[in-house]
Amino acid sequence: MASSAKSFLADAGYGEQELDANSALMELDKGLRSGKLGEQCEAVVRFPRLFQKYPFPILINSAFLKLADVFRVGNNFLRLCVLKVTQQSEKHLEKILNVDEFVKRVFSVIHSNDPVARAITLRMLGSMASIIPERKNAHHSIRQSLDSHDNVEVEAAIFAAANFSAQSKDFAVGICNKISEMIQGLATPVDLKLKLIPILQHMHHDASLASSSRQLLQQLVTSYPSTKMVIVTLHTFTLLAASSLVDIPKQIQLLLQYLKNDPRKAVKRLAIQDLKLLANKTPHTWSRENIQALCESALHTPYDSLKMGMLSVLSTLSGTIAIKQYFSSAPGTAATTARSFDLVKLAQECCYHTNRGIAAHGVRILTNISASCQEKDLLPLEQDAVFGLEALLVLCSQDDSPGAQATLKITLTCMVKLVKCRPHLSQSVVESLLTQLQSAQDSARILMCHCLAAIAMQLPVLADGILGDLMDLYKLIGQSATDKKQELLVSLATVIFVSSQKALSTEIKTVIKQQLENTSNGWTAYRIARQASRMGNHDMARELYQSLLTQVASEHFYFWLNSLKEFSHAEQCLTGLQEDNYSSALSCIAEALKSYHKGIASLTAASTPLNPLSFQCGFVKLRIDLLQAFSQLICTCNSLKTSPPPAIATTIAMTSGNDLQRCGRISNQMKHSMEEFRNLATRYGDLYQSSFDADSATLRNVELQQQSCLLISHAIEALILDPESASFQEYSSNGTAHVESEYERRMMSVFNHVLEEVESLNRKYAPVSYLHTACLCNAVIALLKVPLSFQRYFFQKLQSTSIKLALSPSPRNPAEPIAVQNNQQLALKVEGVVQHGSKPGLFRKIQSVCLNVSSVLQSKSGQDYKIPIDSMTNEMEQRVEPHNDYFSTQFLLNFVILGTHNITVESSVIDSNGIVWKTGPKTTIFVKSLEDPYSQQVRLQQQQGQPPSQQQQQRTAYSRF
């Protein structure tokens, strides 16, 4: 059903062979020129796909001019198709370069005798309002058509008037009186008035216009009390207030008044819907009195549907700053406790309501109050929230209906939130979840397992004692092979991996593997292996990847699974590390490196041009280099025993004035080691910056790897190279941040432990003793003993963002240089399109694009004299904000020096938090700087020994023009 719901325009042309932009446009043009109406229509509806594929102005301009021609000369059905294409391609309209020509061709149809043709033209003009907001002829035509006797034309004029009012202040001011006359006129039919009123929501361009529109709406609400009229007017009122901002408190009061006093359920429903809109948009404008009034209405209404609506508004407000304003009592007001009691009383009353939706909103309000308000008199509400959540859990986990599942999701989300803010409640919440897990429906079990895993990731609340129960349940589920059971196997395995924080016992591994062999498909086994890799259970993951190797259809998948198997084996090798046993540590690291090198070869073979696996390759290469650096550091520490400082080391140190020389050759080796770790930290930083689409857990993982490199380099500096100036202040605050996963918790505890050890040694002993080298080796072993977590982005890309650049002028052949005279500047135009996957802006959104243009002289022609460095290069940077995923800017570049110059244009993006991400791409073109003809002539004459004539001396580069 989902595929059939897609627009027919978007899917038209699916399966056509790949063509370049010009060929594709010519193909469609051929269809437009066809004599058959069907072929013309087919060509028209293929245009949105063309725009999606080649979203640059030069093609879009040509295509829209062709469509405008079809609109001008075609019949009404063709015009309707062009209108639909224009509406679907609205974000590409601003790329039309010849706007005047496009509008002229479309506008010519407005003078037709056919009212339907005029109506389609008006809708076309309305759809183009964003690019022609101030066209007076379009404004005039819309005004005229509002007086038409043809209903189709009037409706089209209303559509166009609404679109132009949203874009143009002049039009809004001019049309406002006309609209108000028509609405108040007795000759205007009621159904037309209902269509005219929503235009007033766009009258927010200045305060006086908004005020006059509000007065008109106020009159309408009182003059026309019919249900339809009140509903349309009130909704327009709300939208106008939401846009103009200043009247929101008045609007909230008006809606609450209608909710309380108007007996019609339809009006009450509309008031609730609009209050919800304002609660989402501006929760800070809600006063204590507003929330109190809403609570009273909810307490007194006998209708469950209305009560649920009001509670949904209150639950939205309870998650915002409004709840703090409600509970912060002003000094000297005795009524505050009673008022605050009303909301709590309402929530407590609703927690055990027979209607699941009402109960869900009740517990959400209690959870939000418990999470955000720390006052002592509100602390008993925690237990109320827990009891309410447990009751809902019991009720919904037995029901398989979609409504029950939606309520269960709300309940479980509240549980996670409550446990995060109130860790002391975690035990009772987890116990109730585990108890209910035995008897729940499968769909509910999946959600409950997700909730358990989410809680256990934040707090180590799942003890080893519950593993038996989970394993029994796992055996029970594994006897069936339905889709729900497969999903449940993955969820339950995740909880088992999280709860057994240390290595899995052989018994558990056997049970999991047996169940997978009995009933599951390969995909389920892969998902469980992936979860094992994320939780650091590499032994289990390796066995599962091994079993899947022969079950895939493509060699790319085979190499991918093989690389994962090798990485898991490598990490498994590191679990056998022991403190103070450095020779076995070196052999473990060597074994791990062997597997990693096999894995990276396999991973490179798994990559394809469409899926280059750049993050995965970068992450693994850094891991290999990090392991080699650790290995080198242990060898360096051992060299203190194998190659101790010579007897004359102290004398050398005194003569050279370098105190470190008394430690012998280890000091230089340590210096190299420290630089290597700093270099690795920088490379981890670069990997972080290039991962714009990664989820926060993956980024945190990369950050932890970077911090471990910085920690070791700091330890080397503090213990050996520069003990006096070592500072521990900046590193001490890391442990206070909120920890999101078990891996992070363990890494942070290792960081803190290592820092304490280094600090105590730093104060007690002068470098270098065996204690110092042992401390460094133990730090390396402690870091490697924490099993590495391969996070989601390593396996799965939920957000996809890429930038496509086009430079002009651009050569026909990429290797050919563009010719420029050295006394002129090159105007380089950079255009770009931001392309998204199926979930744009899931983790972060692009605020602006940073374009960096640099040029370097590659080869010089002409005289070999000294050239100032600044004239050999160009360095420029500009920030542009994409509009509808398109941006364009220009750079003026100088090429004074004759020869071939290499121009590089690199783009990076800045997200809404102002963080710069080096996403690329990087484009290169060549420019050949040529001597201008006049200078060439003068130089040649000077070489031949002829003085230039008087007339030639007066000529300049500009006089030729």
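1. Start with Asp442 and Arg445: in this predicted model, the two form a salt bridge, with their closest N and O atoms 3.3 Å apart. Both residues sit in helix 26, which covers residues 442-458. They are three residues apart there, about one turn of the helix. Are they buried or exposed? Asp442 is buried, and Arg445 is buried too.

2. Next, have a look at Lys565 and Glu566. They also make a salt bridge, and here the closest N and O atoms are 3.8 Å apart.

3. Now for Asp625 and Arg683, whose side chains meet in a salt bridge at 2.8 Å, N to O. Which helices do they come from? Asp625 lies in helix 34 (residues 614-642) and Arg683 in helix 36 (residues 666-689), so this pair ties together parts that are 58 residues apart in sequence. Asp625 has a relative accessible area of 22%, so it counts as partly exposed. Arg683 is partly exposed as well, at 30% relative accessibility.

4. Finally, how many salt bridges does the count come to? The count is 33 salt bridges, and the Asp442 to Arg445 contact is one example of a salt bridge to begin with.

Conventions
Residues are numbered from 1 along each chain as its sequence is written. This is a predicted model: local features need pLDDT of at least 70, side-chain atom pairs count only at pLDDT 80 or more; totals for chains, interfaces and linings use all residues. Side-chain values use heavy atoms; hydrogens and water are left out. A salt bridge is a side-chain nitrogen of Lys or Arg within 4 Å of a carboxyl oxygen of Asp or Glu. Helices (H or I, at least four residues) and strands (E, at least two) are DSSP runs, numbered from the N terminus. Buried means under 20% relative accessible area, exposed over 50%, partly exposed in between (1.4 Å probe, protein chains only).
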